[in-house]
Amino acid sequence: MSLDKIIWYVNGVEMPTPSSAKYGFEDLDDNSYRSVMDGSLNRDRIAAEFIKIELSYKYLTPSMAQRVRDAVKTNQEYRVKFKSPILNNDGDFVTFYAYTSKMSFEMLEMQVGYSASFSIIQTRK
């Protein structure tokens, strides 16, 4: 299954298509450490494959930039619905709760538009 574009929603509102998306998956450990004796990792994994998606936009109009900014405000949990064959083999939407810890917008061409980048990080399974 191929996608012509990345499709994603925040709290039911469709977001502009990003220029790129980088997918990552992280485990959550509790009290993991490296042994000073032999360097082996002693870990207590409590959850596996939390989703992290890094999105970037090469160009957003001012109104599109504001829509994205309002939807993914930092340190606020929101509901994400994301369509990607990386997240789901059959290409269906995957829905999860997430937050954004850092985001940046850069003004382009004398306030004609913006570039932007930020990460969507899954908060719970």
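**View 1. The largest nonpolar core has 24 residues in this predicted model.** Residues with the most contacts inside the core are W8, I53, V72, F82, F96, F118 and I120. Six elements are named here, each giving two or more residues to the core: β1 (7-10), β6 (45-60), α1 (62-71), β7 (78-83), β8 (93-99) and β10 (113-122). Strand β6 supplies the largest share, 5 residues. In soluble globular proteins, nonpolar side chains tend to be buried together.

**View 2. Contacts around F96.** Leaving aside residues up to four places away in sequence, F96 touches I51, I53, Y78, R79, V80, F82, I120 and Q122. I53, F82 and I120 are also among the residues with the most contacts inside the core.

**View 3. D27, D29, R43 and R45 form a network of salt bridges.** R43 pairs with D27, with the closest N and O atoms 3.2 Å apart. R43 sits in the loop between β5 (41-42) and β6, and D27 in strand β3 (residues 20-29), so this pair ties together parts 16 residues apart in sequence. R45 also bridges to D27, at 3.1 Å between the closest N and O atoms. R45 belongs to strand β6 and D27 to β3, so the parts tied together are 18 residues apart in sequence. R43 is partly exposed, at 41% relative accessible area. D27 is partly exposed too, at 32%.

**View 4. A salt bridge joins R124 and E77.** The N to O distance is 2.7 Å. R124 lies in the segment after β10 and E77 in the loop between α1 and β7, so the bridge links parts 47 residues apart in sequence. R124 is partly exposed, with a relative accessible area of 41%. E77 is partly exposed at 40% relative accessibility. The structure holds 4 salt bridges.

Key: Residues are numbered from 1 along each chain as its sequence is written. This is a predicted model: local features need pLDDT of at least 70, side-chain atom pairs count only at pLDDT 80 or more; totals for chains, interfaces and linings use all residues. Side-chain values use heavy atoms; hydrogens and water are left out. A nonpolar core is a set of buried Ala, Val, Leu, Ile, Met, Phe, Trp, Tyr and Cys residues joined through side-chain atoms within 4.5 Å. Buried means under 20% relative accessible area, exposed over 50%, partly exposed in between (1.4 Å probe, protein chains only). Helices (H or I, at least four residues) and strands (E, at least two) are DSSP runs, numbered from the N terminus. Contact means heavy atoms within 4.5 Å. A salt bridge is a side-chain nitrogen of Lys or Arg within 4 Å of a carboxyl oxygen of Asp or Glu.
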